[in-house]
Amino acid sequence: MEEKFNFLGFQDRWQKYWEEKGFYRGEDFSKKPKFYILVMFPYPSGSGLHVGHGRNFIPADVVARYKRMKGFNVLHPIGYDAFGLPAENYAIENGINPKISTENNITNFRRQLKSLGLSYDWTREFTTSDVEYYKWTEWFFEFLFKRGLAYQDRSFQWWCPHCKTVLANEQIIDGNCWRCGTPVVRKELKEWFFRITDYADKLLEGLDRIEWPDRIKSMQRNWIGKSEGAEIAFKVELPGGTTCEIPVFTTRIDTIFGVTFLAIAPEHPLLHELTTSDRKEEVGRYATEAFKKAEMDRLSQDREKTGTFLGTYAINPLTQERVPIFVGDYVVYSYGTGAVMGVPAHDERDFAFAKKHELPIKFVVKPVSATADTEKAFIDYGTLIDSKEFSGLTSEEAITKIVAYIEKQELGKGVVKYKMRDWLISRQRYWGAPIPIVHCPEHGAVPVPESELPVLLPDEVDFSPRDTGESPLANDKNFVNTKCPICGKPSKRETDTQDGFACSSWYFLRYADPHNNDAPFDRAEIDYWLPVDLYIGGAEHAVMHLLYSRFYTKVMRDAGLIGFDEPFKKLMNQGMILGADHQKMSKSRGNVVNPDDIIQEYGTDTLRAYMLFIGPLESDALWSTEGINGVFRFMKRVWNLFSENAKIASYISSAEEKDVDIMTDKMVQHITNQVENFKFNTMISSFMEWLNYLLKIREEHQTIGRTKAFREALEAFIKMISPATPFIAEELWHRFGHRDSIHVQSWPAPKNIYKEEVITIPIQINGKLRDRIEAPVDAGEDEIKELAMKASKISAMNLDFSKANFIFVKKNPLEKSEDYKGVRYASTNSFKKSEDYKGVRLLNIVIH
């Protein structure tokens with residue numbers, strides 16, 4: 001009679017047992033090889049976890065458990081990103097102090113995380129709103145301030161009317177607040193900034209040394225936006241007879257002879273001065289409207305480029321021609337010089353602008369071996385024409401010589417510009433790490449002495465946000481009024497708090513030494529554990545948290561605090577779990593699936609296995625009740641087979657034992673490879689295949705279930721599935737008569753009695769043979785795709801695979817088929833000859 005799969009009867013028992021034994025604590029300075037795996041820590045919202053949170057928590061836990069079984073000393077910690085707008089908004093909506101609501105939310109989060117069977121080192125848990133933590137967040141602010149990397153400046157910033165705080169450029173999504181979705185507006189305030197621009201080149205260089213998704217590295221490169229070009233001054237005759245100069249930055253100085261207009265940003269300080277009296281009303285109206293738009297929207301290549309004439313003209317310094325000056329919203333003052341030269345013949349944006357305003361279009365660069373199409377802009381490099389003494393030069397030659405010429409004539413110079421702006425760090429909110437600065441009438445901004453840190457957030461304060469541009473802390477006289485640390489005169493504390501990303505920019509370091517009261521961390525602990533070996537989290541933080549963490553790390557390395565300059569060796573981005581409506585799960589959409597409910601009905605192991613099985617880690621996946629029911633049936637079949645076999649006390653021999661041993665070895669090889677390559681969905685599929693084999697061979701040969709080979713297969717199976725389904729594995733392991741935990745066992749090693757057949761697959765790029773790879777004969781398309789992208793000749797091409805189309809050819813190339821139109825083939829010698837082979841014979845990668 002089958003024993004009921006009563007998962008609720010053993011889950012809590014084993015969770016308590018693991019915590020009491022301390023199996024998952026990282027051991028400082030162990031002689032084992034270390035492995036530091038980290039997931040981006042969550043912010044503790046009031047709604048708690050939903051199953052989508054398990055998309056990164058559970059795969060990371062599988063890796064952590066696997067690495068322990070492979071003999072690594074694993075650091076796998078967890079904490080809570082508690083400061084910031086989400087927690088404060090929740091507290092305001094529910095009429096409760098954010099400190100209290102955050103503590104309540106964390107209690108619930110902790111319970112839910114433990115119910116998922118996550119093998120965290122709970123002794124290292126912390127919260128960014130803990131006084132013991134934000135003391136050092138303040139310390140880091142002063143650290144940057146003393147190194148000249150923190151400064152205060154008055155400027156127009158994006159303001160969220162709902163959250164009532166400023167936002168960094170990175171936090172504006174389609175003109176709306178990234179948190180609440182409210183349209184943002186401009187507000188002039190005095191703010192604190194970090195000079196992240198000082199590290200632009202180092203941030204770019206480091207991307208070449210880390211194993212991150214190409215998409216994330218590309219996003220950071222584009223955000224930093226390094227441009228090498230020239231800056232040249234155009235003289236302007238102002239109304240009234242005076243003159244001034246407008247410096248213009250361009251990366252295509254070779255096209256300067258084709259300039260037919262200038263465009264300046266609506267924020268440009270010369271806008272009013274450059275506008276004639278008859279144009280002031282229209283220009284003012286245009287600038288006001290443009291001022292409301294987010295920079296990202298204004299720079300978008302998809303939107304129409306608008307502008308209006310100022311009434312004045314500039315002089316091209318190389319041709320002495322007069323060209324009209326426009327104000328255009330596609331020009332932003334924060335990039336370059338806030339002015340651009342319009343070259344319609346060689347810039348698509350300028351071409352459209354010139355057509356709309358009926359401006360001349362002068363071609364001064366032609367294709368090297370063709371005639372220019374005058375109906376559209378020619379934007380590539382070519383050969384210069386109608387460019388005086390520079391005619392006949394290639395664009396590359398002309399750029400070098402024209403820069404040298406304008407430098408010699410003192411008309412301009414070669415320069416490097418960046419799109420990235422300094423990091424706006426201050427927030428006009430209560431719930432954040434205080435900025436430890438005192439404003440003295442005599443000495444200006446003075447850092448609070450280190451011995452007086454932390455500056456504590458007052459508990460009794462009206463934390464409702466203000467429209468005044470001030471933090472709620474400004475109303476607390478006891479907090480604000482203080483004395484200057486230098487002269488002792490009455491002074492005022494800074495009332496803005498730090499952006500929540502300041503807290504998360506160094507948290508990964510604190511896990512190495514979380515209870516240190518004398519420093520943010522001990523150098524020896526950092527040298528042992530850091531950098532993080534594997535970091536898993538969402539791609540939405542590409543130009544925020546991930547960029548800021550790299551900045552902090554590089555500053556610390558330069559100061560000698562740490563010995564490395566990149567915080568995360570390898571980064572993986574998980575996909576999202578979508579609700580039944582095919583949308584991202586969120587409480588507001590009402591499509592959230594609570595893990596508590598799933599665990600109660602199916603058990604933690606079923607939830608974990610389903611989250612791994614649902615699809616490739618990096619892809620979005622749709623939550624399916626039918627899907628989790630299928631995995632639940634699999635778990636029950638595992639339970640039944642292993643429960644029955646646990647009762648067998650003696651063994652017999654059987655002729656089929658060799659087949660069982662070979663299958664076991666095959667699965668050890670396959671599943672090990674799948675875990676190593678984070679192919680968790682195919683890993684679960686392999687377990688399903690293995691289980692089916694064991695059940696089938698037992699049915700066909702009833703005595704096989706009583707053999708030593710079958711028992712060894714079961715024990716290998718349960719060991720290898722334990723990282724994915726830890727509770728059932730522990731229960732069955734003990735039922736097999738073992739007294740110690742399965743989670744302190746070693747990962748099974750292959751015996752290599754199974755020899756995997758491989759096939760050679762030609763790899764083409766756009767139809768041309770570039771390389772060959774060897775793959776297992778039963779390899780799936782995902783595995784072949786991964787091997788192809790990592791092939792030495794292919795990887796050396798530095799291709800962008802994000803928009804590539806992978807064409808898997810499964811027919812013999814010599815067969816006449818419509819499938820092969822336009823595809824060129826190499827020798828057929830590399831193809832498997834057997835007619836029954838149905839796998840991939842060739843891969844053609846089409847790069848768009």
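## Close-up views of a predicted model

View 1. Strand β30 (residues 758–765) and strand β31 (residues 768–776) run antiparallel and are joined by eight bridges. One of the paired positions is Gln 764, whose bridge partner in β31 is Leu 769.

**View 2. A four-stranded open sheet with parallel pairing.** The strands of this open sheet follow the order β2-β1-β26-β27, and their pairing is parallel. Strands β2 (73–75) and β27 (568–573) are the edges, each pairing on one side only. On average, neighbouring strands of the sheet are turned by 20° against each other, direction ignored. Within the sheet, β1 (residues 34–39) pairs with β26 (residues 532–537) in the parallel sense over three bridges. Leu 38 stands opposite Tyr 535 in β26. Helix α17 (residues 545–559) lies across β26 and β27, and runs at about 175° to β27.

View 3. Leu 453 and Pro 454 are joined by a cis peptide bond with omega of about 5°. Pro 454 belongs to the loop between β22 (444–447) and α13 (477–480). The peptide bond from Leu 530 to Pro 531 is also cis, and its omega is near 0°. Pro 531 lies in the loop between α16 (523–529) and β26, a strand that takes part in the open sheet of View 2.

**View 4. Two loop residues with positive phi.** Gln 320 is a residue other than glycine, yet its phi is positive, near 65°. Its place is the loop between β13 (307–315) and β14 (322–328). Glu 410 is found in the loop between α12 (395–408) and β18 (412–417). With a relative accessible area of 72%, Glu 410 is exposed.

View 5. Ser 155 lies in β5 (residues 150–160). Its relative accessibility is 17%, so Ser 155 counts as buried, the cut-off being under 20%. Apart from neighbours within four places in sequence, Ser 155 is in contact with Lys 187, Glu 188, Leu 189 and Phe 193.

**View 6. The largest nonpolar core, around Trp 623.** This core has 94 residues, and Trp 623, Trp 690 and Phe 717 are those with the most contacts inside it. Helix α22 (residues 680–700) gives the largest share, 10 residues. A second, separate core has 89 residues, among them Trp 136, Tyr 199, Ala 512 and Met 544. Neighbours within four places in sequence left aside, the residues in contact with Trp 623 include Val 51, Ile 577, Leu 578, Met 585 and Val 593. Trp 623 is also in contact with Ile 598, Leu 607, Tyr 610, Met 611, Ile 614 and Ile 628.

**View 7. Salt bridges within single helices.** The structure holds 39 salt bridges. In one of them, the side chains of Arg 65 and Asp 61 meet at 2.8 Å, N to O. These two residues are four residues apart in helix α2 (residues 54–69), so about one helical turn separates them. Arg 65 counts as buried at 2% relative accessibility, and Asp 61 is buried with a relative accessible area of 0%. Glu 715 forms a salt bridge with Arg 711, where the closest N and O atoms are 3.5 Å apart. This pair is four residues apart in helix α23 (residues 708–721), and therefore separated by about one helical turn. Both Glu 715 and Arg 711 are buried. Elsewhere, salt bridges that share partners join Lys 202, Glu 205, Arg 209, Arg 550, Lys 554, Arg 557, Asp 558, Asp 565 and Glu 566 into one network.

View 8. The side chains of Asp 596 and Arg 111 meet in a salt bridge at 2.8 Å, N to O. Asp 596 lies in helix α18 (residues 595–602) and Arg 111 in helix α4 (residues 98–115), so the pair ties together parts that are 485 residues apart in sequence. Asp 596 is partly exposed, with a relative accessible area of 22%. Arg 111 is partly exposed as well, with a relative accessible area of 40%.

Definitions and conventions. Residues are numbered from 1 along each chain as its sequence is written. This is a predicted model: local features need pLDDT of at least 70, side-chain atom pairs count only at pLDDT 80 or more; totals for chains, interfaces and linings use all residues. Side-chain values use heavy atoms; hydrogens and water are left out. Two strands pair if DSSP finds at least two bridges between them. Axes are lines fitted to C-alpha atoms, for helices over the stretch in contact, and angles run from 0 to 180 degrees between N-to-C directions. Contact means heavy atoms within 4.5 Å. Buried means under 20% relative accessible area, exposed over 50%, partly exposed in between (1.4 Å probe, protein chains only). A nonpolar core is a set of buried Ala, Val, Leu, Ile, Met, Phe, Trp, Tyr and Cys residues joined through side-chain atoms within 4.5 Å. A salt bridge is a side-chain nitrogen of Lys or Arg within 4 Å of a carboxyl oxygen of Asp or Glu.
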